[in-house]
Amino acid sequence: MDALGELIEQVTRYHPEADVGLLRRAFEFGERHHEGQKRKSGEAYFTHPIAVAKVITELRLDSASLCAALLHDTVEDTKATLDDVQKEFGEEVAFLVDGVTKLSKFSFSSKEDAQAENFRKMLLHMASDIRVLLVKLADRLDNMRTLEHMKPEAQERIARETLDIYAPLANRLGIAWMKSELEDLGFKHTNPDGYKLVSGKVTALVQQRDGYIHRTQALLSERFAEAGFAAEVTGRVKHLYSIWRKMQASKSEFEQVWDVIAFRGVVESAADCYAVLGVVHSLFTPIPGRFKDYIALPKPNGYQSLHTTVLGPDRERMEVQLRTRDMHRIAEQGIAAHWKYKERPKNVAGHAIDHKDAQRFHWLRQLMEWQQELKDPQEFLESVKVDLFQDEVYVFTPRGEIKVFPRTATPVDFAFAVHSNVGNKCTGARVNGQIVPLRYQLRSGDVVEILTDPNRHPNKDWLEFAVTSRARSKIRSFIRAEQRESALKLGRDLIERALHAAGLSFAKVLKTNALGRALEDAKAQSVDELIIQVGYGRYGAESVVRSLMPPESQAPSDIKQGTMERVMRKVTGRDSNGILVDGENNILVRFAKCCSPLPGDQIVGYISRGRGISVHRRSCTKGLDIDPERRVTVSWDEGAKMSRPVCLRVITANRPGLLAEVGNTFSKCGVNIEEANCRAAEEERAVNLFTFTITDLGSLKGVMKALQKVKGVLSVERI
């Protein structure tokens with residue numbers, strides 16, 4: 001059977017009323033426009049859209065989604081336009097294709113900004129139609145399955161993006177199988193050594209414990225049947241990335257990670273779930289504190305199950321999950337399990353999912369609402385990553401309303417979730433009746449009450465512990481408003497002084513609208529913006545004065561330099577230390593100590609009054625807290641040779657001789673350790689901080705990979 005016939009058979013199996021004619025036309029359109037194109041693997045390019053469409057059939061979606069899968073690259077990679085797609089296939093299919101099409105015709109200051117804006121565009125579309133995201137996830141899954149044909153640096157970048165964004169999105173949509181596969185594929189390409197270690201251990205464990213799994217599975221089935229419950233019991237080893245995360249969280253070897261094996265019992269009703277839980281606990285000893293009731297308190301993505309960890313046969317820890325058939329279907333398929341198989345009308349928004357089901361995913365619209373004020377692309381992307389964080393805590397308001405937050409959330413996050421005014425006036429919190437500091441990390445079951453003071457305002461220190469994008473964006477907005485007000489005040493003062501020295505009146509200058517030339521030179525849209533630029537140090541107060549002087553009367557020797565003019569002269573004319581600012585290399589720069597950027601790091605610069613340009617790594621959280629209006633484009637000067645300090649945290653087993661092996665590894669990499677701080681920690685671990693200088697990011701990655709290969713080294717992290 002050909003590929004088209006296979007797709008038609010698969011979709012009509014679960015959706016007999018699918019528009020087969022539309023699907024056939026989309027297949028032929030895509031095949032024709034991609035003719036002659038090849039993938040990195042050498043295969044015909046159209047094999048990719050076909051593979052994406054097959055994933056869509058696994059999600060059991062409608063014909064419009066299948067058409068979008070077949071056409072998703074035509075607008076971006078062929079001569080076909082969005083108008084062509086709309087004329088041929090209608091507004092609905094065109095909307096979906098547009099949602100997954102990159103903003104390739106726009107120019108951005110960096111690849112990271114382009115990535116962020118493409119993601120923002122997709123979010124806007126999927127807030128109206130979730131199928132945009134489902135097609136994008138299917139596209140990403142097939143790309144990850146064939147990632148080995150890309151260059152190594154592209155593999156790592158795409159895999160990291162998958163782990164940071166797309167796997168968490170699949171999780172938020174409740175599509176467990178897709179989330180697990182995306183995570184394992186991302187793990188494989190971001191940490192090949194870790195992946196090889198865990199996969200090898202798991203393969204050996206399955207071979208060794210196959211009999212144990214079958215024996216325990218049979219025992220549970222037998223006891224459930226004896227108690228009168230028809231249950232389908234399965235056993236499995238958890239997926240690789242989840243095991244790796246547990247190893248990293250507990251700083252343990254594979255053999256020390258408990259409950260790697262999990263069993264699942266699928267029963268008829270929710271009442272049966274609780275009943276068979278009693279059977280499990282009467283058969284095996286439960287581990288205190290390891291029971292979770294996601295039936296009474298479902299996860300935000302709709303997931304429901306009972307989880308318990310017990311001492312199973314041979315006194316080994318194992319996890320048992322109990323759920324109904326409907327719960328199991330939703331756990332595996334997520335939002336796709338709620339799909340209604342009827343063709344949608346021309347109105348593209350809000351008809352693919354029942355209204356009640358759509359409520360399960362209101363987080364998506366909230367996500368977009370909270371991001372509206374985040375104009376900086378990198379800040380937007382970082383905040384989205386936080387909102388997609390997988391681990392949640394469930395807390396209560398004093399009235400009993402449940403609120404869900406990322407793990408490590410604090411009362412400040414809770415306050416801003418209630419209302420912006422509550423967050424802005426927050427002065428303290430009472431948790432379970434006790435006063436707690438604002439840094440307190442919320443725990444599931446906490447009852448939280450926020451204390452307010454009308455004279456209180458957000459504090460910059462809150463950014464150190466606030467984690468939700470809503471809280472962080474509101475805090476930053478307040479701080480930036482304060483910074484802007486300070487810059488306005490400082491700029492006005494500087495201009496007034498400069499005008500006074502020239503014998504001019506600031507009040508009269510404003511009244512006569514004489515600042516036109518200064519506005520044009522500074523590329524400012526208003527007088528206030530001009531004043532703020534002076535306050536930030538972007539434009540000199542003396543330049544404002546010169547713009548007011550007739551050309552024939554200009555006499556530089558007669559114009560006394562103002563304070564800002566001297567500052568700006570200091571800013572220019574010095575060695576760049578390997579940094580280009582807007583292509584120029586004679587600008588005073590300093591490297592931020594908070595993130596210590598290296599040549600090869602993605603960097604961004606910020607104007608600091610009187611101190612030149614401050615250079616941060618793009619991922620630096622402190623850099624994100626600075627007003628975007630002070631941001632300038634910076635890049636590394638490839639012709640400059642330099643070494644920069646860097647610090648690595650290396651966590652190892654605490655055994656004799658290991659520190660010497662680590663030191664020898666540094667020497668083999670040609671690195672001289674300038675400072676070392678080593679101390680023993682709990683659970684026979686050692687925490688080692690090594691400071692040294694290195695020339696570029698590639699060399700640093702080489703050192704880190706070499707250290708990770710040393711037996712007994714548990715983790716290597718740049719700090």
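A polar contact is a pair of N or O atoms within 3.5 Å; within protein, one atom must be able to donate a hydrogen and the other to accept it, and residues adjacent in sequence count only if both atoms are side-chain atoms. The model is predicted, so local features need pLDDT of at least 70 and side-chain atom pairs count only at pLDDT 80 or more, while totals for chains, interfaces and linings use all residues. Residues are numbered from 1 along each chain as its sequence is written, and side-chain values use heavy atoms, with hydrogens and water left out.

View 1. Strands (E, at least two residues) and helices (H or I, at least four) are DSSP runs, numbered from the N terminus. A polar atom of the Trp636 side chain lies 2.9 Å from the backbone oxygen of Asp601. The C-alpha atoms of these two residues are 8.8 Å apart, with a sequence separation of 35 residues. Trp636 is buried, at a relative accessible area of 16% (buried is under 20%, exposed over 50%, partly exposed in between, with a 1.4 Å probe and protein chains only). Beyond four places in sequence, its contacts (heavy atoms within 4.5 Å) include Ile579, Phe591, Pro597, Pro599 and Met642.

**View 2. Thr216 in helix H12 (residues 192-226).** Thr216 has a relative accessibility of 1% and counts as buried. Its side chain reaches the backbone oxygen of Tyr212 at 2.9 Å. Not counting residues up to four places away in sequence, Thr216 touches Phe263, Pro313 and Met318.

**View 3. Packing of helix H2 (residues 20-33) against helix H4 (residues 63-71).** The angle between H2 and H4 is about 5 degrees, and their axes are 9 Å apart. H2 is therefore roughly parallel to H4. Axes are lines fitted to C-alpha atoms, for helices over the stretch in contact, and angles run from 0 to 180 degrees between N-to-C directions. Angles under 35 degrees count as roughly parallel, over 145 as roughly antiparallel, 65 to 115 as roughly perpendicular and the rest as oblique. Leu22, Leu23, Ala26, Phe27, Phe29 and Gly30 of H2 meet Leu66, Cys67, Leu70 and Leu71 of H4.

**View 4. Packing of H2 against helix H6 (residues 82-89).** H2 and H6 pack at an angle of about 150 degrees, with their axes 11 Å apart. The two helices are therefore roughly antiparallel. On the H2 side, Leu22, Arg25, Ala26 and Phe29 make the contact; on the H6 side, Asp84, Val85, Glu88 and Phe89 do.
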